[in-house]
Amino acid sequence: DTQKGAARSFPDFRCPSSATASCILAEADQEEISFTFFDPMHGRGSEAVRVRGQPARFFWDLSPDGLQLAYGEFKSEENDSITILKLKDSKPQPLPLSGQSNLSSHSWAAGGRGLFVTTKRREGSDLLHVRLIDGHITVLREEKGRVFLSPRPSPDGRFLAYAIRTTDSNVWLLEAK
């Protein structure tokens, strides 16, 4: 939970759907996240890229074909963005999310042509789909008092799994006699 200061978990890794692409290992120091090619059978490979960011606020995912990273930071600012980075040339491309703020996580859609993005606010959370070609945002679900976490599409793109975090609290008043 980045709003309360809990750190995101590093090291972290993702593997693509494509059997011909490499997994990526993410490691962090205080100001940078390094992404390294990683083979589960043979271990660490060469470094792919380093990006500046605060690890406690950083979220990322690897495209299904293993050719691109998408990453962002939980900033609580209006008009947040996600950066798409092609691993081949390390060229970052910002993907502005007009009118959206408090981004908290994302994952690639199964076909690699969009992202599922979650937001987190005091009053609730949204689950969005963002088309990469034009940045068009579709609100899939809105929740009040609950928070969407970790959307993950099925490999065939027909289903989307996600978690929802809830918090319950009660106040009781006792009369003293």
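Modeller: What follows is a walk from the sheet to the core. Please keep in mind that this is a predicted model. The open sheet has 4 strands in the order β1-β2-β3-β4, and their pairing is antiparallel. At its edges are β1, residues 12–14, and β4, each of which pairs on one side only. Averaged over the sheet, and with direction ignored, neighbouring strands are turned by 25° against each other. In general, strands of a sheet pair through backbone hydrogen bonds, and they can do so either parallel or antiparallel. For the antiparallel pair of β1 and β2, there are 3 bridges that join the two strands, and within this part of the sheet Phe13 stands opposite Leu25, which belongs to β2.

In soluble globular proteins, nonpolar side chains tend to be buried together. The largest nonpolar core of this model has 14 residues, and the members that touch the most others are Ile24, Phe35, Phe58, Trp60, Leu69 and Leu87. At least two residues of this core come from each of β2 (23–28), β3 (32–39), β4 (43–52), β5 (58–62) and β6 (68–73). Another core, which lies apart from this one, has 12 residues, including Ile82, Ile84, Leu97 and Val130.

Methods: Residues numbered from 1 in each chain as written. Predicted model: local features only at pLDDT ≥ 70, side-chain atom pairs only at ≥ 80, totals over all residues. Heavy atoms only, no water. Core = buried A, V, L, I, M, F, W, Y, C linked by side-chain atoms within 4.5 Å. Buried < 20%, exposed > 50% of the residue type's maximum accessible area, 1.4 Å probe, protein only. Pairing = 2+ DSSP bridges. Axes fitted to C-alpha atoms, helices over the stretch in contact; angles between N-to-C directions.
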